[in-house]
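Please open the model in your viewer and keep the selection tool at hand. The tour below moves from one selection to the next and says what is to be found at each stop.

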Amino acid sequence: NRIRQNLREKHARHVADLRAYYDSEIQSLKQQLEASLLFEDLCNLYVLNRCEQLDAALNEASARIKALENMNNLLEKQVAEWRERFQALSSTSKVLQERIEEMRATHKEKDNTISRLQSRLKELEEAFEKAYKLSDNKNTRLKEENRMFQNLLGEYESLGKEHERVKDTLNTTENKLLDANTQIADLKRTILKLEAQLKQVEHENTLKLRH
């Protein structure tokens with residue numbers, strides 16, 4: 001009986017020790033589980049916040065890309081318009097240049113004609129003066145030469161006026177050509193600036209798309 005009592009007490013202590021050990025293990029596992037659940041909740045909250053941030057950043061990037069695309073289209077349209085104006089002004093400049101060359105040729109021809117008339121007028125003046133001094137009885141000849149002289153003088157004055165008109169027209173045309181060349185230079189600078197802006201926008205658009 002004593003042995004059995006000892007065995008029962010020993011067995012009871014062993015069972016109590018096992019119960020205490022397993023209770024401690026269960027408590028530890030409960031604490032670990034609670035900590036794991038808390039960490040999981042924190043992770044989920046962080047992931048949710050991060051998703052919201054990324055979603056906002058994506059919307060902002062999409063809006064920025066849309067704005068860049070609109071600016072890109074606008075700049076391409078402006079470049080096309082400025083190129084058309086540049087081509088039109090280039091054609092006008094070419095026409096004006098050709099007209100100036102024609103007017104210069106005409107002006108040179110009229111200058112030569114005036115020079116010839118001046119020489120002829122001088123010869124007639126000398127002949128008229130000589131004939132007047134040599135003989136007073138050659139009134140008919142003098143009248144004829146005087147008539148020729150007056151006709152030639154009228155032709156000379158008419159050509160002189162035409163010459164002045166040609167010079168004025170040539171100056172006006174040269175001024176128009178200068179203005180056209182100035183506008184062409186301004187258009188070239190504007191086109192280069194727009195193309196640079198267009199390249200910058202395309203570069204930013206590419207970077208946004210890659211991002």
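## Charged pairs

Begin by selecting R189 and D186, which form a salt bridge whose closest N and O atoms are 2.2 Å apart; the term is used here for a side-chain nitrogen of Lys or Arg within 4 Å of a carboxyl oxygen of Asp or Glu. Before going further, note that this is a predicted model, in which local features need pLDDT of at least 70 and side-chain atom pairs count only at pLDDT 80 or more, while totals for chains, interfaces and linings use all residues. Residues are numbered from 1 along each chain as its sequence is written, and side-chain values use heavy atoms, with hydrogens and water left out.

R189 and D186 both belong to helix 2 and are three residues apart, about one turn of the helix; helices here are DSSP runs (H or I, at least four residues), numbered from the N terminus. R189 counts as exposed because its relative accessibility is 51%, whereas D186, with a relative accessible area of 35%, is partly exposed. The classes are buried for under 20% relative accessible area, exposed for over 50%, and partly exposed in between (1.4 Å probe, protein chains only).

How many salt bridges does a search of the whole structure find? The search finds three. Select E162 and R165 next, where the side chains meet in a salt bridge at 2.4 Å, N to O, with both residues in helix 2 and three residues apart, about one turn of the helix. E162 is partly exposed at 26% relative accessibility, and R165 is partly exposed with a relative accessible area of 47%.

Then select E195 and R83, whose side chains meet in a salt bridge at 2.5 Å, N to O. This pair links distant parts of the chain, since E195 lies in helix 2 and R83 in helix 1, 112 residues apart. E195 has a relative accessible area of 22% and is therefore partly exposed, and R83, with 41%, is partly exposed as well.

## A buried threonine

Move to T173 in helix 2, which spans residues 139-210. Is T173 buried or exposed? T173 counts as buried, because its relative accessibility is 4%. A polar atom of the T173 side chain lies 2.8 Å from the backbone oxygen of T169. If you also display L96, I100 and M103, you will see residues that T173 touches (heavy atoms within 4.5 Å), leaving aside residues up to four places away in sequence.

For the last stop, turn to the one aromatic pair that the structure holds. The ring centres of Y21 and Y22 are 5.3 Å apart and the planes stand at 70°, so the pair is edge-to-face. Rings of Phe, Tyr and Trp (its six-membered ring) pair if their centres lie within 6.5 Å, with planes under 30 degrees apart counted as stacked, over 60 as edge-to-face and the rest as tilted. Y21 is partly exposed at 47% relative accessibility, and Y22 is partly exposed at 48%.

L18 has its place in helix 1, residues 2-134, and is partly exposed, with a relative accessible area of 35%.

Note on methods:
Helix = DSSP H or I, 4+ residues; strand = E, 2+ residues; numbered from the N terminus. Polar contact = N/O pair within 3.5 Å; in protein donor to acceptor, adjacent residues only side chain to side chain.
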